[in-house]
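I took the entries one at a time.

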Number of protein chains: 2
Amino acid sequence: MKKISRFSHFGELGDKDYFRIALSVDCVIFGFEDNELKVLVIKCNLNEYKGKWSLLGDLVKPDEDIETASYRILKERTGLNDVYLEQVRTFGKPGRHPAGRVITVAYFSLVNIKNHKLKLSDNELHWHPVNDIQEMAFDHREILQCCLDQLREKIEDYPLVFNLLPGKFSLRELQCLYEAILNTKLDRRNFRKKFFMMDWLIDLDELEVDVPHRPGKLYKFNQEKFGKAVSGMDRNKRTNSVHR
Amino acid sequence: MKKISRFSHFGELGDKDYFRIALSVDCVIFGFEDNELKVLVIKCNLNEYKGKWSLLGDLVKPDEDIETASYRILKERTGLNDVYLEQVRTFGKPGRHPAGRVITVAYFSLVNIKNHKLKLSDNELHWHPVNDIQEMAFDHREILQCCLDQLREKIEDYPLVFNLLPGKFSLRELQCLYEAILNTKLDRRNFRKKFFMMDWLIDLDELEVDVPHRPGKLYKFNQEKFGKAVSGMDRNKRTNSVHR
DNA sequence: CCAAAAGTGTTTTCGTTACACCCATGC
DNA sequence: GCATGGGTGTAACGAAAACACTTTTGG
């Protein structure tokens with residue numbers, strides 16, 4: 001007869017029938033380069049999905065916190081420590097991984113591509129334009145779409161995009177970034193007006209250099225106005241948003 | 001030497017070191033009764049949390065989809081089939097369950113309390129007022145709060161609350177429900193105006209009965225305007241919301 | 001002087017808020 | 001007739017959208 005589980009308040013199987021699941025984290029790491037939103041992907045080396053792009057993920061260690069695992073993966077892959085990271089959703093269809101029952105928790109992350117050196121020649125790690133990615137390994141295409149949707153919603157209300165930009169940037173760069181993420185055109189005057197009203201920016205009194213036209217002013221993100229690490233969980237939501 | 005895992009693209013442990021996690025679903029089942037928002041809880045029978053309230057949860061079966069599991073739990077506990085259910089977040093701190101590493105996916109659900117008969121005397125299943133619940137077993141207090149926050153955000157934009165009401169209801173009942181969830185007072189005239197503008201309601205040309213005052217008109221939810229099952233995933237978001 | 005992008009205000013529209021009086025019913 | 005909640009409209013405000021011309025720089 002089956003051993004009665006400590007989970008008898010749950011169900012009727014023995015413990016060993018249940019403790020057979022693996023947990024992974026998959027990170028959708030967004031970056032911004034050449035006026036395009038990009039995502040960090042790697043060629044999959046599993047036979048079933050040979051040659052397809054996959055997200056950066058890893059199994060969570062038996063005693064590791066999920067969030068700790070996601071920071072670890074990010075650190076291992078990008079070398080970056082202090083990045084924006086946020087849990088999005090958990091995916092766990094029974095057939096989603098060929099090696100067995102693997103549940104994955106999806107996180108999205110925003111990094112400044114220029115701030116770190118990937119060993120891009122190795123292991124086919126690669127920044128891929130988000131708008132131009134079709135098939136992926138496992139259910140990673142669905143995970144990417146889900147994270148992209150979440151990103152689009154949150155940048156309307158929270159100052160997340162600064163994680164994708166260098167410390168100094170022009171308003172044009174900022175607007176191009178919003179346009180790239182939202183995949184739309186924005187009105188320049190309204191965009192500028194709104195950002196100044198929101199008080200997210202600090203004027204550095206510096207100008208762009210080496211641009212083949214009139215140089216724009218440079219700004220930095222108004223950190224002090226928000227917590228140290230700007231997280232989507234901070235309740236600094238504004239009533240107005242960055243819509244057209 | 002350690003067997004090399006099929007997850008060699010992940011890490012370096014053998015498979016058996018990883019496939020030792022259990023997965024559960026916890027449902028935060030909200031209801032509305034006596035002008036209060038309530039949550040369905042049960043007395044915990046684990047020694048560690050003896051007597052504390054806990055959410056309704058169960059382990060996900062080895063080959064069961066997570067979402068399927070959450071519907072199963074809901075069906076088992078409330079007898080209801082066609083309910084609103086939405087994944088919120090996954091909780092997995094290593095020490096959160098005394099029986100081992102148990103990851104839990106939290107769902108919130110909205111049901112009409114009157115539509116089903118709980119065996120309330122059994123197993124201490126109980127509708128508890130949300131505003132009046134303190135300690136809970138495991139990390140369930142945190143899970144409840146997280147789901148409540150999500151509920152509050154979504155009812156501003158999506159027609160979810162109708163899942164908590166009977167088929168016919170008055171505008172007063174609807175407003176009381178919003179006030180209970182948001183824990184605030186709303187202006188009656190503005191509330192009515194907004195709902196009519198949003199076109200979420202159909203006037204049934206019937207009146208309340210047995211009220212000790214002038215009876216109000218009865219309405220039903222405008223189903224046709226939305227998909228069959230109204231889900232928060234439906235992109236029927238309106239630009240205006242139900243704020244004050 | 002030409003190309004390219006920076007910088008700048010005003011008007012209109014629309015949604016949000018605040019607010020007070022009469023009406024219908026049960027008791 | 002009194003208590004309770006139902007039903008109704010307007011004015012002021014603020015956010016969002018639409019929209020065009022002049023300026024500065026590099027080449």
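How many bridges join strand β2 of chain B to β7(B), and do the two run parallel or antiparallel? I counted five bridges between β2 (residues 36-43) and β7(B), and the strands run antiparallel. The model is a predicted one, and I read the entries below with that in mind.

Entry on β7(B). I looked up one bridge of this pair and found B:Ile42 partnered with B:Leu125 in β7(B). I then checked cover: strand β7 (residues 125-129) of chain B has four of its five residues buried.

Entry on β4(A). I found β4(A) paired with strand β1 (residues 22-33) of chain A, antiparallel, over four bridges. A:Cys27 has A:Leu56 as its bridge partner in β4(A). In a regular strand, side chains alternate between the two faces of the sheet. In β4 (residues 56-59) I noted A:Leu56 and A:Asp58 pointing one way and A:Gly57 and A:Leu59 the other, with all of them buried.

Entry on the three-stranded sheet. I wrote down the order β8-β10-β9 in chain A, an open sheet with antiparallel pairing. Between β9(A) and β10 (residues 217-221) I counted four bridges. One of the partners I looked up is A:Lys217 in β10(A), which bridges to A:Leu207.

Entry on charge. I found a patch of positive charge on the surface made by A:Arg188, A:Arg189, A:Arg192 and A:Lys193. A:Arg192 sits in helix α5 (residues 188-198) of chain A. Its relative accessible area is 34%, so I logged A:Arg192 as partly exposed.

Methods:
Residues are numbered from 1 along each chain as its sequence is written. Chains are lettered from A and ligands numbered from 1 in the order in which they are written. This is a predicted model: local features need pLDDT of at least 70, side-chain atom pairs count only at pLDDT 80 or more; totals for chains, interfaces and linings use all residues. Side-chain values use heavy atoms; hydrogens and water are left out. Patches are made of residues with over 30% relative accessible area and no salt bridge: like charges are joined within 9 Å, nonpolar side chains (Val, Leu, Ile, Met, Phe, Trp, Tyr) within 5 Å. Accessible areas come from the Shrake-Rupley method with a 1.4 Å probe; for residues, only the protein chains shown count as cover. A salt bridge is a side-chain nitrogen of Lys or Arg within 4 Å of a carboxyl oxygen of Asp or Glu. Lys and Arg count as positive and Asp and Glu as negative; His and the chain ends are not counted. The place of a charge is taken as NZ of Lys, CZ of Arg, CG of Asp or CD of Glu. Buried means under 20% relative accessible area, exposed over 50%, partly exposed in between (1.4 Å probe, protein chains only). Two strands pair if DSSP finds at least two bridges between them.
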